[in-house]
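Q: Please take a close look at one part of this model for me. I would like to follow the aromatic rings and the core around them.

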Amino acid sequence: MSNAPQTGQTHVLHSTVEPARTARALACDGEALPDVFATPFMIADMERACAAILQPFLADGDVSVGACIDISHTAPTPIGQSVKATATFTEKNGALYWFDVVAEDEAGRIGAGRIARAIVARDALMSKAGARG
């Protein structure tokens, strides 16, 4: 088995914009944020699509983690609409697995960019996190 997906391999993740996935849901202390799909949730869907492609390449005890994100969110999506996040594997460069990502709602493209992920040992990751706390 290869240590990386095949170039061009894709994964599509489908979701729906619920009130809890809006910018307004993230607001604190009276911030005026709109009732539209929040950028962090769009990026999360993109990340999950990338992670799904890497899942078959994880050894026991490994996880994939985000390493670099370059994303534009270019159109608002209202509550109730369906969203599709598509990740396409483009290359492995050193320890990083690179993906082109696109998000679309029922009216068309809402965001796009590139994401890099790495495969790491879960125990080592959690040990480093614990040392920071």
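A: What follows starts with the rings, moves on to the nonpolar core, and ends with a helix and a serine. Keep in mind that this is a predicted model.

Start with the rings. The whole structure holds two aromatic pairs. One joins phenylalanine 89 and tyrosine 97. Their centres are 6.4 Å apart, with 45° between the planes, and the pair is tilted. Tyrosine 97 is buried, because its relative accessible area is 6% and the cut-off is under 20%. Phenylalanine 89 is buried too, at 2% relative accessibility.

The other pair joins phenylalanine 89 and phenylalanine 99. Here the centres lie 5.6 Å apart and the planes meet at 65°, so the pair is edge-to-face. Phenylalanine 89 belongs to strand E3 (residues 82-93), while phenylalanine 99 belongs to strand E4 (residues 96-105). The pair therefore ties together parts that are 10 residues apart in sequence. Both phenylalanine 89 and phenylalanine 99 are buried.

Now step out to the core. The largest nonpolar core has 20 residues. Phe99 is among the four that touch the most other members, along with Met46, Ala87 and Val101. Helix H2 (39-54), E3, E4 and strand E5 (108-121) each give this core at least two residues. H2 gives the largest share, with six residues. In soluble globular proteins, nonpolar side chains tend to be buried together.

Look at methionine 46 next. Leaving out residues up to four places away in sequence, methionine 46 touches Ile71, Ala85, Ala87, Val101, Val102, Ala103, Gly111, Ala112 and Ile115.

Then follow H2 itself. H2 has 16 residues, and at 1.5 Å a residue they should span 22 Å. The end C-alpha atoms are 23 Å apart, which agrees. The buried residues of H2 include Met42, Ile43, Met46 and Ala49. Asp45 and Glu47 are also on that list. The buried residues of H2 pack against strand E1 (10-16), E2, E3, E4 and E5.

Finish in E2. Serine 64 sits in strand E2 (residues 62-73). Serine 64 is buried, with a relative accessible area of 13%. Beyond its neighbours within four places in sequence, serine 64 is in contact with Ala51, Leu54, Leu58, Arg117, Ala118 and Ile119.

Terms used. Residues are numbered from 1 along each chain as its sequence is written. This is a predicted model: local features need pLDDT of at least 70, side-chain atom pairs count only at pLDDT 80 or more; totals for chains, interfaces and linings use all residues. Side-chain values use heavy atoms; hydrogens and water are left out. Helices (H or I, at least four residues) and strands (E, at least two) are DSSP runs, numbered from the N terminus. Buried means under 20% relative accessible area, exposed over 50%, partly exposed in between (1.4 Å probe, protein chains only). Contact means heavy atoms within 4.5 Å. Rings of Phe, Tyr and Trp (its six-membered ring) pair if their centres lie within 6.5 Å; planes under 30 degrees apart count as stacked, over 60 as edge-to-face and the rest as tilted. A nonpolar core is a set of buried Ala, Val, Leu, Ile, Met, Phe, Trp, Tyr and Cys residues joined through side-chain atoms within 4.5 Å. The expected span of a helix is 1.5 Å times one less than its number of residues.
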